[in-house]
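Hi,

Here is the structure I said I would pass on.

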Amino acid sequence: MSGGSESDDSVTANGRVYIPEVRNEETPAVGMKFDSLDLVYNFYNRYAFLAGFGVYRNDETRERKRQRGISRCNCKAKIVVVKTHGSKKYTISLFAEGHNHKMTPSGRMHLLRSHRRISDSTKVLTKQLGSVNIPINQKVSIFEVQSGGMDKIGFIKKDIYNLECSVNGKLRNHDVELVTEYFMAEQKKNEAFYFKIEGDGDNRFSRCFWADATSRRAYGFYGDVVVFDTTFNTNRYDLTFAPMLGVNNHGQTIVLACAFLSKETTESFIWMFEEFKKAMPGGEPKTIITDQDAAMSRAISIAFPTTFHRLCIWHITSKFSVKLPHSAYKEYWGEFQKAIWDTDNKDEFDAKWNIVVTKAGLTDHPWLSSMFDLRES
């Protein structure tokens, strides 16, 4: 086990040796015996904490883990332990006490990796805070207040990040199983709850679809027009959230069905639409409104061949500020809005559109021309 600075701002002395001042009873010595390597490490790490440096473990009996982000200063301080044949004890055979750098101040000891530890109670609280979507930086602020300062927490923000990555990684290996259990419980409450889940070879999400009894019943009344939106992504799992929405007789938005998709491909959309048809009474919707996604358009033509496919005007108009020259957008956006919203028929729209496009000097604008060609949708 070696000792040294894990911080790239440590001071390296030219030929000078630094000897830590630690009480004899807490200082290693050749000949000390221990029942396990863990006890050796704990004793030496305790000594390092009192002395003002961090340690790392080089155990030749186990596979070494790759270590990132540690800057060594070639310090030779270390202890060596051996286990002789026929003995159950580990004995210190070498103790190199001198360091080629100054000791770390007590106010910075919490930054050294070997002295950082997340307690079991903190792990539980981290999980609870995560369940209500508290971000990591706010979690660390809460722990800092609880502990009375950042130097008293016992870890840094990166440790919480690594903890969550580890926990989430373990959960991901059981994603399909966990969500299936949840959906089955919902189905047990009400047999009309419909779901379908598919996973990859590692028992993780590939895609899933669900619709509860209320949504299925609502589709029978208000399923003439369906809005399909895939603009939302989950942060943790990088899945596309794909709700299918409708409007009830009060003009309120209602959720008809939902899905998580790992890929926004034609095949994925077809799978979802086929599950939608299985779940919903009455078959295909009369009209479906989407953005201009090409894969989605192909899937609709295959899965819903009799459905009118229309493009969402909001998605199109929201692009005007990006696609048009700034000056033209600023001066003529109001006239574009009147052409789009304040017309009652195709001829009136065409006339107003041509007038504003000509005034703005955008008759040859590729994107505007392509949108005009799609006006039937």
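Predicted model: local features only at pLDDT ≥ 70, side-chain atom pairs only at ≥ 80, totals over all residues.

Residues are numbered from 1 along each chain as its sequence is written, and side-chain values use heavy atoms, with hydrogens and water left out.

**Aromatics**

Searching the whole structure turns up 27 aromatic pairs. Here rings of Phe, Tyr and Trp (its six-membered ring) pair if their centres lie within 6.5 Å; planes under 30 degrees apart count as stacked, over 60 as edge-to-face and the rest as tilted.

One of them is Phe 183 with Phe 195, a tilted pair at 5.3 Å centre to centre with 45° between the planes. This pair links distant parts of the chain, with Phe 183 in helix H5 (residues 175-189) and Phe 195 in strand E6 (residues 194-199), 12 residues apart. Helices (H or I, at least four residues) and strands (E, at least two) are DSSP runs, numbered from the N terminus. Phe 183 is buried at 6% relative accessible area, and Phe 195 is buried too, at 17%. For burial I use under 20% relative accessible area as buried, over 50% as exposed and in between as partly exposed (1.4 Å probe, protein chains only).

Then there is Phe 320 with Trp 333: the ring centres are 5.2 Å apart and the planes are at 50°, so this pair is tilted. Phe 320 lies in helix H10 (residues 320-323) and Trp 333 in helix H11, so the pair ties together parts that are 13 residues apart in sequence. Phe 320 is buried, with 1% relative accessibility, and Trp 333 is buried at 18%.

Which cluster do these two rings belong to? Phe 320 and Trp 333 sit in one aromatic cluster with Tyr 329, Phe 336, Phe 349, Trp 353, Trp 367 and Phe 372. Phe 372 also has a charge over its ring: the charged end of Arg 375 is 3.8 Å from the ring centre. The rule for that is NZ of Lys or CZ of Arg within 6 Å of the ring centre and within 35 degrees of the ring normal.

**Helix H7**

H7 (residues 266-279) has 14 residues and reaches 20 Å from its first C-alpha to its last, close to the 20 Å expected at 1.5 Å a residue. The expected span is 1.5 Å times one less than the number of residues. Buried residues in H7 include Phe 269, Trp 271, Met 272, Phe 273 and Phe 276.

**Surface**

H11 (residues 326-341) also holds Trp 341, which is exposed at 52% relative accessible area. Together with Ile 313 and Trp 314, Trp 341 forms a nonpolar surface patch of about 370 Å² accessible area. Patches take residues with over 30% relative accessible area and no salt bridge, joining like charges within 9 Å and nonpolar side chains (Val, Leu, Ile, Met, Phe, Trp, Tyr) within 5 Å; the areas are Shrake-Rupley with a 1.4 Å probe, and for residues only the protein chains shown count as cover.

Ala 29 is in the loop between strand E1 (2-4) and strand E2 (33-34), and is partly exposed at 31%. Its C-alpha is 9.7 Å from that of Thr 91, although the two are 62 residues apart along the chain.

**Salt bridges**

Side chains of opposite charge can pair when their charged atoms come close. Counting a side-chain nitrogen of Lys or Arg within 4 Å of a carboxyl oxygen of Asp or Glu, there are 14 salt bridges.

Helix H12 (residues 346-359) holds Lys 346 and Asp 350, 4 residues apart, about one turn of the helix. Their closest N and O atoms are 3.0 Å apart; Lys 346 is partly exposed at 42%, while Asp 350 is buried at 12%. Glu 348 and Lys 352 lie in H12 as well, also 4 residues apart, and bridge at 3.5 Å. Glu 348 is partly exposed at 26%, as is Lys 352 at 32%.

Elsewhere, shared partners join Arg 23, Glu 25, Glu 26 and Arg 46 into one network of salt bridges.

Cheers
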